[in-house]
Amino acid sequence: MKFKRALVAALLAISLSSASCLGPDHAYNQVKNWNVGLSEQDWVNEVVFLALWIVPVYPIAHLADLVAFNTIQYWSGDNPINDPGAFKGFSSKD
């Protein structure tokens with residue numbers, strides 16, 4: 001019974017925090033673009049990526065977008081965070 005409740009709670013939390021069309025998420029994308037451009041070495045970017053999830057920089061940036069920045073943009077038409085541009089993407093070097 002406790003496992004079932006925990007599973008339902010976890011699924012609800014995941015569904016509430018998953019991506020949707022609520023806004024541009026400029027703060028989250030700023031962090032992501034900074035991370036991808038940090039180093040030419042993919043393993044360095046991966047270690048930093050994992051650290052930023054553990055610390056929790058990525059979740060805080062995403063929450064700030066969901067709660068504040070996207071709401072501000074919706075009501076005012078202006079996002080206080082500059083558009084970071086297109087995601088350059090991570091690369092896998094053989």
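What share of the contacts in the protein chain with a separation of 6 or more is accounted for by residues 24 or more positions apart? In this predicted model such residues account for 69% of those contacts, where contact means heavy atoms within 4.5 Å. The model is predicted, so that local features need pLDDT of at least 70 and side-chain atom pairs count only at pLDDT 80 or more, while totals for chains, interfaces and linings use all residues. Residues are numbered from 1 along each chain as its sequence is written, and side-chain values use heavy atoms, with hydrogens and water left out.

The protein chain has four helices and zero strands, these being DSSP runs numbered from the N terminus (H or I, at least four residues, for helices; E, at least two, for strands). Of its 94 residues, 20% count as buried, that is, under 20% relative accessible area with a 1.4 Å probe, protein chains only.

Leu 52 touches Val 31, Trp 34, Val 57, Tyr 58 and Pro 59, when residues up to four places away in sequence are not counted.

Conventions. Buried means under 20% relative accessible area, exposed over 50%, partly exposed in between (1.4 Å probe, protein chains only).
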